[in-house]
Amino acid sequence: MMEMTLGWRLKKARESRELTQVELGRLIGVTDATINRYEKDLRSPDPSTLKKLASVLETSVDYLLETAKGPDHDFEQLWPEGIKVLRRAHNKLSDTERERMLRLINAFIKEAEDEAEKGKK
């Protein structure tokens, strides 16, 4: 299994938000070359930059530093395409449509759980 370094987590978080290295660099005030070095684990961000990265990438410093391995972050790593689709849909839908989407997702999950439970019996 691939080691999930700070660089790897940073790259996956950036990609899941559909940002280029140039865009991320602009958002936090560094060059794309610096972002590239971070992602290749050739350089580490200072604490201030690490906080900016976490904020822009909507994650935590703990996650980027591998001290938090919560299920939400693991899920994003396991299903990045699904997360991208949900983010795009969320930004385009009205509140009513988002609520409907959430109800549909929850219904699908319940159905899958019921099917799995039937299979155990």
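These legends walk you through several close-up views of one predicted protein model.

Residues are numbered from 1 along each chain as its sequence is written. Because the model is predicted, local features need pLDDT of at least 70 and side-chain atom pairs count only at pLDDT 80 or more, while totals for chains, interfaces and linings use all residues, and side-chain values rest on heavy atoms, with hydrogens and water left out.

View 1. Along the sequence the pattern reads α-α-α-α-α-α-α-α. Helices (H or I, at least four residues) and strands (E, at least two) are DSSP runs, numbered from the N terminus. Of the 121 residues, 28% count as buried; buried means under 20% relative accessible area, exposed over 50%, and partly exposed in between, with a 1.4 Å probe and protein chains only. Now for contacts, meaning heavy atoms within 4.5 Å. Among those in the protein with a separation of 6 or more, 52% come from residues 24 or more positions apart.

**View 2. Helix α2 (residues 21-28) crosses helix α3 (residues 32-39).** Their axes come within 8 Å and cross at roughly 105 degrees, so α2 is roughly perpendicular to α3. Axes here are lines fitted to C-alpha atoms, for helices over the stretch in contact, with angles from 0 to 180 degrees between N-to-C directions. Under 35 degrees counts as roughly parallel, over 145 as roughly antiparallel, 65 to 115 as roughly perpendicular, and the rest as oblique. Q21, V22, L24, G25 and I28 of α2 meet D32, I35, N36 and E39 of α3. That gives four nonpolar, three polar and two charged residues. (Ala, Val, Leu, Ile, Met, Phe, Trp, Tyr, Cys and Pro count as nonpolar, Asp, Glu, Lys and Arg as charged, and the others, Gly among them, as polar.) Look for N36 and Q21 too: they are 15 residues apart in sequence and 6.8 Å apart in space, C-alpha to C-alpha. N36 is partly exposed, at a relative accessible area of 25%.

**View 3. R14 sits in helix α1 (residues 6-16).** Is R14 buried or exposed? R14 is buried, with a relative accessible area of 8%. Its side chain reaches the backbone oxygen of L19 at 2.8 Å. That is a polar contact: a pair of N or O atoms within 3.5 Å where, within protein, one must be able to donate a hydrogen and the other to accept it, and residues adjacent in sequence count only if both atoms are side-chain atoms. Leaving aside neighbours within four places in sequence, R14 touches L19, T20, Q21, L24, I35, E39 and L57.

**View 4. Helix α4 (residues 47-56) has T49, L50, L53 and A54 as its buried residues.** These cover an arc of only 140 degrees around the axis, so they lie on the same side of α4; the arc is that of the directions from the helix axis to the C-beta atoms. What covers them includes α1, α2, α3 and α5 (61-64). The face turned away carries the exposed residues K51 and S55. At the start of α4, a side-chain oxygen of D46 reaches to within 3.0 Å of the backbone nitrogen of S48.

**View 5. Some residues have a positive phi, including E18.** Most residues other than glycine have a negative phi. E18, in the loop between α1 and α2, has a phi near 55 degrees and is partly exposed at 44% relative accessibility. D41, in the loop between α3 and α4, has a positive phi of about 60 degrees and is partly exposed at 40%. E58, which follows α4, has a positive phi near 55 degrees.
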